Amino acid sequence: MAGNSFGKLFNLTTYGESHGPALGGVIDGCPSGIQLDLDAIQDELNRRKPGQSAIVTQRKEPDTVKFHSGIFEGKTTGTSIGFVIENTNQKSHDYTHIKDSYRPSHADYVYDKKYGFRDYRGGGRSSARETACRVVAGAIAKQMLKGIEITAYVSGVGNVKLDKPYTELDLTKAESNNVRCPDEAMASKMETYIKEVRSKGDTVGGIVSCVIKNVPVGLGEPVFDKLHAELGKAMLSINAVKGFEYGSGFHGSTMYGSDHNDAFNTDGSTKTNFSGGIQGGISNGMDIYFNVAFKPVATLIQEYETIDKEGKVVKMHGKGRHDPCVVPRAVPIVEAMAALVIADFYLINKMYN
């Protein structure tokens, strides 16, 4: 399996399975001398961890990160940063019923066909639990990118959507509720909806929006490594992501060019920002903003039909501890992947200076 690393200069390699002894990673390329706030890194993991509210999976994992290398006296040394997150609350027996069957819309079938067998316990390597490693690396990237603000929030759950643009929201309120929506009234509606869906044994998708402020001009490497292309790859590498749009996105396709063009101010900023802070694949200094669409969780706590290894139709009933909607826990993951992209391009851009 060759797809375990992300980034060119600021590079993360992860390892581990959902029900193995631990998850972990190695970060290469982090500059030396960065003073790290280890508590802040753990706080980021706490935002992603299971069991944090009544509307997420009730698996109880402390998700405590332990660093084994690359940090001395609280500062990065410039060498590889190795870390581990131990699994402590596996219930592998919850998955014995799928040992010989394939869950619809999961990676079960394709993993089995590609590798010849699969770790069926919680999805093994395909489990979203792997994203905990991304959050650790993203938290370090955030601390490297001083002055750059990366804030994600839930803007939609199913058909319950927040229509206000981010410029009309107080994004600091996103962490004030279980859904991580900065609009309190809409957050309440979303939470109620998620609970209703869960009571039916069903799941629902949603949208996470992200805003990156104070990005310097010049990040991005045309023609194939454009900034928005790498952000898109980063987001689409997250489990359950089905779509990515930045700036005006799909709505931009309905506009006239005379309305869509971002006219310049004399200082180089623009009067509007339909470009989403990126032009020609390069950051232009304006806010970068984008949306990430997540599908409904594939595991249903209800009976459904599927096939087994012999191709026979069998009935299955979902078991275990699963999120009825992933987007509240996906917020720190989106931020982490955005931070990894910006950190990588930041270091690449320093080669020009």
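Residues are numbered from 1 along each chain as its sequence is written, and side-chain values use heavy atoms, with hydrogens and water left out. Because the model is predicted, local features need pLDDT of at least 70 and side-chain atom pairs count only at pLDDT 80 or more, while totals for chains, interfaces and linings use all residues.

**Exercise 1. Find which strands pair with E7, and how many residues of E7 are buried.**

Step 1: Strands (E, at least two residues) and helices (H or I, at least four) are DSSP runs, numbered from the N terminus. Two strands pair if DSSP finds at least two bridges between them. Buried means under 20% relative accessible area, exposed over 50%, and partly exposed in between, with a 1.4 Å probe and protein chains only.

Step 2: look for partners of E7. Strand E3 (residues 22-28) runs antiparallel to E7 and is joined to it by 6 bridges; in this pairing, Val26 stands opposite Gly82. Strand E4 (residues 65-67) also pairs with E7 in the antiparallel sense, over 3 bridges, with Lys66 having Val84 as its bridge partner.

Step 3: In strand E7 (residues 81-86), 5 of the 6 residues are buried, so the strand is largely enclosed by the rest of the structure.

**Exercise 2. Describe the lining of the second largest pocket.**

Step 1: define the search. On a 1 Å grid over the protein atoms alone, a pocket is an open set of points where a 1.4 Å probe fits, with protein on both sides within 12 Å along at least five of seven lines; lining residues have an atom within 4 Å of a point. Grid points are joined across faces, edges and corners, and a volume is the space filled by probe spheres set on the points.

Step 2: the volume of the second largest pocket is about 610 Å³. Of its 27 lining residues, Ser155, Leu162, Ser209, Glu245 and Asn291 are the closest to its centre.

Step 3: assign the lining to strands. E9 (149-157), E11 (206-213), E12 (241-246) and E15 (288-294) each supply at least two residues, and E15 gives the largest share, 5 residues.

Step 4: sort by type. Ala, Val, Leu, Ile, Met, Phe, Trp, Tyr, Cys and Pro count as nonpolar, Asp, Glu, Lys and Arg as charged, and the others, Gly among them, as polar. The lining then divides into 16 nonpolar, 7 polar and 4 charged residues.

**Exercise 3. Locate Arg129 and Glu73, and decide whether each is buried or exposed.**

Step 1: Arg129 sits in the loop between helix H2 (108-115) and helix H3 (131-144). At 5% relative accessibility, Arg129 is buried.

Step 2: the side chain of Arg129 makes a polar contact of 2.7 Å with the side chain of Asp63. Such a contact is a pair of N or O atoms within 3.5 Å; within protein, one must be able to donate a hydrogen and the other to accept it, and residues adjacent in sequence count only if both atoms are side-chain atoms.

Step 3: Glu73 is in the loop between E5 and E6. With a relative accessible area of 66%, Glu73 is exposed. Glu73 also has a positive phi of about 55°, although it is not a glycine.
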